[in-house]
Amino acid sequence: MKSHTRSSHFSLSPLAVASSLAVALSAGQAVAGGFEKATLWDAEYSALAGAAVSSVNDSSAIFFNPAGLAFAESDDIALHLSPTFNKVSSPADGQNFTEGDTAFAPSAGLTGLTILNDQFTLGYGIYAAGGSAAKYEDLTVGTLAPITDEYSTDIKIIEAGLGLSYRINNNWSVGGTYRLSYVAADINLMSGLGGGAVGAAVGYNDLTGFNTFAVRLGAMYRSDDDRWGWGINYRSEVDIEVDGKTSFRSGAPGFGGEVPLDFNNLDATAETGLPMQISTGIDYQVAPHWTLFGEITYTDYSNNEQIKFSSDDTSSLPVPAINSNWEDQYNYRVAAEYTGIENWALRAGYIYTTAVVPEEYAAPTFSSPADAHTFTVGAGTSILDGQVDLDFAAVYDTVENDDVKGGGQLTSSSQSHAGKYESYSYSFHASATYRF
């Protein structure tokens, strides 16, 4: 069992492979905001509310803080499974509070590390880095010429990382991760046009694309007695540009000259970004079997003002952009670990996440416009004479706003609806780490 009371000493094309991995590794709905859940795929650190930046010392450091690779005591390879269920509800039809469908995301990760010598450690992995999933099936919009269709967002961001850490001395280390990102997305929008009289549906589907360069950079300090530590991790922005198809249909094509004529299967491009992020935190062993953790994460979501769409097949699109006008996000993480039971570590934590989506721009398939609360619990043990670590966690995220004012111009033809918005998700995490 690894605890934090530690001792001191392709025959397939790349696109086809990436598409399959996107399904296997996809993250769940970003209930707290933006394109990210408050916790992702690692069971140990999910149980600790994601507060890993000061203490991570295994191959998961490739994601949380690459400097932590330098404090690993052995080579390892780890498999992480995190099935996630989420539900988003809102006045999606423009008038009534509508419960969304439960969406499932099989979030996962595979990580490993190799100690090269006393100073350098190599890490590698492929894992879910973000995403968003919300769906309303068989939603009807339009009063005079209605249509029934699906209103949904499904965004998957997976990342392949190659990291290297350098141990400066017994206390300090630095590290970096090179990141290759792959994005797959389907966005289906619905709205009542012509004053709400004509129902319309716009789809941007089968969108895929790569970003070939981004980094994570980190530093870590461990005290001489290893009772406390500090860490910082920087994540550079990822520009997302994905190509796919777009379609449009309405209840009354060309109605009054206000509604575009229907079309299908035109080439389209969508652009947005996974923003810059900085995390810093500490851990401290307050008693022989008790360690406390604290961490703050800042994410520059105010840089995400729109999701832009374009097409070479038409001079104008019914929805050339979704106006998000998101706000910066702060995650405040606290957690505790108890190791007083032989061969077991018990963990629990809490995350408070500030709202990313402003009330004025509340959208049915993105995060609800309110602060979010995340509760985490889990445990870890070891088997086979300490060669294999097993970790488990359960996480519940919730956010609700009963009186959203709305009114913002979400697209060129639709406004944010007033009413109640709520989101929640359940995720279960299991990690197995083999040390050799």
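These legends describe close-up views of a predicted model.

**View 1**
The patch covers about 1,100 Å². Its residues are Ile 77, Leu 79, Leu 81, Leu 110, Tyr 124, Leu 162, Tyr 178, Leu 180, Phe 210, Phe 213, Tyr 434 and Phe 436. Strand S1 (76–89), strand S5 (172–193) and strand S6 (198–222) each give two or more residues to this patch. The largest share, three residues, comes from S1.

**View 2. Ile 77 in strand S1.**
Ile 77 is one of the residues that make the nonpolar patch. Ile 77 has a relative accessible area of 36%.

**View 3. Thr 177 in strand S5.**
Thr 177 has a relative accessible area of 2% and is therefore buried, as the cut-off for buried is under 20%. The side chain of Thr 177 reaches the backbone oxygen of Ile 62 at 3.0 Å. Beyond its neighbours within four places in sequence, Thr 177 is in contact with Ile 62, Pro 66, Tyr 127, Gly 161, Leu 162, Gly 163, Ala 214, Val 215 and Arg 216.

**View 4. Strand S10 paired with strand S7.**
Strand S7 (residues 228–235) and strand S10 (residues 277–287) run antiparallel and are joined by eight bridges. Tyr 234 has Ile 278 in S10 as its bridge partner.

**View 5. The hairpin of S10 and S11.**
Two residues lie between S10 and S11 in this hairpin. Strand S11 (residues 290–299) runs antiparallel to S10, and ten bridges join them. Opposite Tyr 284 stands Leu 292 in S11.

Terms used
Residues numbered from 1 in each chain as written. Predicted model: local features only at pLDDT ≥ 70, side-chain atom pairs only at ≥ 80, totals over all residues. Heavy atoms only, no water. Patch = residues over 30% accessible without salt bridge, like charges linked within 9 Å, V, L, I, M, F, W, Y side chains within 5 Å. Areas by Shrake-Rupley, 256 points an atom, 1.4 Å probe, with all protein chains shown as cover. Salt bridge = Lys/Arg side-chain N within 4 Å of Asp/Glu carboxyl O. Helix = DSSP H or I, 4+ residues; strand = E, 2+ residues; numbered from the N terminus. Buried < 20%, exposed > 50% of the residue type's maximum accessible area, 1.4 Å probe, protein only. Polar contact = N/O pair within 3.5 Å; in protein donor to acceptor, adjacent residues only side chain to side chain. Contact = heavy atoms within 4.5 Å. Pairing = 2+ DSSP bridges.
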